[in-house]
Amino acid sequence: MARIKLQDVHKHYGRGAAAFHALRGVSLEMPSGEFVALLGPSGSGKTTLLRAVAGLETIDGGRIELADELVAAPGRHVLPERRNVGVVFQGHALWPHMTVFENVLFPLRESGLNEARARPRVMEALAQVDLHQLAQRTPGELSGGQKQRVALARAMVAHPRVILFDEPLASLDVALRRDMMRHIDQLRRPDSSMMYVTHNQEEALALADRVVLLFDGRIEQIDTPVRLCREPQTERVARFVGSGNLLPARRVGAVRAGLAQVAVGDYAFEARDASIGSKEPLQLCLGPAAFALVGPEVPGLTVRVEHVFFQGNAYAVDAVLQGALAAPLSLVLPFEAQPRRGDTLRLQVRDAWVMPELIGGA
């Protein structure tokens, strides 16, 4: 059963020629227990989509169903409090005059459950986020990470059928963000679905079963994190996710099913290939870590290092391919490489993807 079902959803802000078309025919089905991340640049429509599912925005076209109940369509709008949806916001949205316990209790009290019966569920929810010992503190006595864990407990306590996250970790530092990611992952349940809005690719790729990549109010690709990174279907996806490099190439021979022999300049190598036909030129997608550093006498691509950024255990490198193409490349090289600005390096390709032919060569 689809826990969340969106069919051709449209949303406009404003009227007439000046109206902004925020969602342009979005369709998506999420089964119970699935975790889906909505990823995209600012203005892509991801927050608008989440707010429409929550009932915080009306829609102008299409329909939204939660557990087979129609909750949104032109002429129909079920109020947020009647959708059995939990929401975790970036800004916590905690009541400062209430204790931690009272904040988490609130949705159960609103549903008519008395405090005596609700107390075990509140304490269980707080224990799940390691805050049961702080139940009597107020939000003003908590750190930013603790406040977000209270918001998470409050969203979970009523056992909602859908849990929505709107940039929940954007205000946290790196260490707290990783800690919250662990808490969120631990709270997944087979009887509820999670929709997670973020602009942070690390969060989306680490947490989600599938990632929905949005551009200009439309879905560009829906896929698992691995396939989204390794097998992008369009040039925009390749450039946005994982800083993929795009290089023109030519096919010089088939190897076996799913692989082709391709060449960039006079350097030939194997590439994963799911395309049909032999349209030329091909376009290859190569992730930053798809290269191996080799000696100058070995066949490969020659690049010149433009910028080097140390990452703790590796180097992020901006380079330019030497030769007629002179294409920019984003690389990740191991610590042992010790690259410096101005260096000339020889690289072999260890993983490449032939872009679908609707895109490659277009």
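What follows is a short chat about a predicted model.

Visitor: What should I know before reading any values?
Guide: This is a predicted model: local features need pLDDT of at least 70, side-chain atom pairs count only at pLDDT 80 or more, and totals for chains, interfaces and linings use all residues. Residues are numbered from 1 along each chain as its sequence is written, and side-chain values use heavy atoms, with hydrogens and water left out.

Visitor: How many helices and strands does the protein have?
Guide: Eight helices and 21 strands. Helices (H or I, at least four residues) and strands (E, at least two) are DSSP runs, numbered from the N terminus.

Visitor: What box do the C-alpha atoms fill?
Guide: Roughly 75 × 45 × 40 Å, taken along the principal axes.

Visitor: What share of the residues counts as buried?
Guide: Of the 362 residues, 48% are buried. Buried means under 20% relative accessible area, exposed over 50%, and partly exposed in between (1.4 Å probe, protein chains only).

Visitor: And what share of the contacts comes from residues 24 or more positions apart?
Guide: They account for 64% of the contacts with a separation of 6 or more. Contact means heavy atoms within 4.5 Å.

Visitor: Which residues touch the most other members of the largest nonpolar core?
Guide: Val 104, Val 122, Leu 126, Leu 152 and Phe 165, out of 46 residues in that core. A nonpolar core is a set of buried Ala, Val, Leu, Ile, Met, Phe, Trp, Tyr and Cys residues joined through side-chain atoms within 4.5 Å.

Visitor: Which helix gives the largest share of this core?
Guide: Helix α4 (residues 144–156), with six residues.

Visitor: What is Leu 152 in contact with?
Guide: Val 88, Val 129, Phe 165, Met 180, His 183, Ile 184 and Leu 187. That leaves aside neighbours within four places in sequence.

Visitor: What other core lies apart from it?
Guide: One of 29 residues. Leu 286, Ala 319, Leu 331 and Leu 345 are among them.

Visitor: Switching to sheets. In what order do the five strands of the open sheet run?
Guide: β16-β20-β17-β18-β19, with antiparallel pairing. Two strands pair if DSSP finds at least two bridges between them.

Visitor: Which are the edge strands?
Guide: β16 (291–294) and β19 (328–334). Each pairs on one side only.

Visitor: How many bridges join β17 to β18?
Guide: Seven, between residues 301–310 and residues 314–321. Within that pairing, Val 303 has Leu 321 of β18 as its bridge partner.

Visitor: What holds paired strands together, in general?
Guide: Strands of a sheet pair through backbone hydrogen bonds, either parallel or antiparallel.

Visitor: Cysteines next. How many disulfides are there?
Guide: Zero, counting a disulfide as a pair of cysteine sulfur atoms within 2.5 Å. For Cys 229, the nearest cysteine sulfur is that of Cys 285, 9.2 Å away.

Visitor: Are those two cysteines buried or exposed?
Guide: Cys 229 is partly exposed, at 32% relative accessibility. Cys 285 is buried, at 6%.

Visitor: How many salt bridges?
Guide: The count is 23. A salt bridge is a side-chain nitrogen of Lys or Arg within 4 Å of a carboxyl oxygen of Asp or Glu.

Visitor: Which residue does Asp 209 bridge to?
Guide: Arg 188, with the closest N and O atoms 2.5 Å apart. The pair links distant parts of the chain, 21 residues apart. Asp 209 sits in the loop between α6 (201–207) and β10 (210–215). Arg 188 sits in the loop between α5 (174–186) and β9 (193–198). Asp 209 is partly exposed at 31%, and so is Arg 188 at 26%.

Visitor: And Glu 220, what does it pair with?
Guide: Arg 236, with the closest N and O atoms 3.0 Å apart. Glu 220 is partly exposed at 22%, and Arg 236 is partly exposed at 38%.

Visitor: Which residues do salt bridges with shared partners join into one network?
Guide: Asp 223, Arg 227, Arg 230, Glu 231, Arg 272 and Asp 351.

Visitor: Last one: where is Asp 273, and what does it touch?
Guide: Asp 273 lies in strand β14 (residues 267–273). Its relative accessible area is 11%, so Asp 273 is buried. Asp 273 touches Arg 251, Gly 258, Leu 259, Ala 260 and Val 354, not counting residues up to four places away in sequence.
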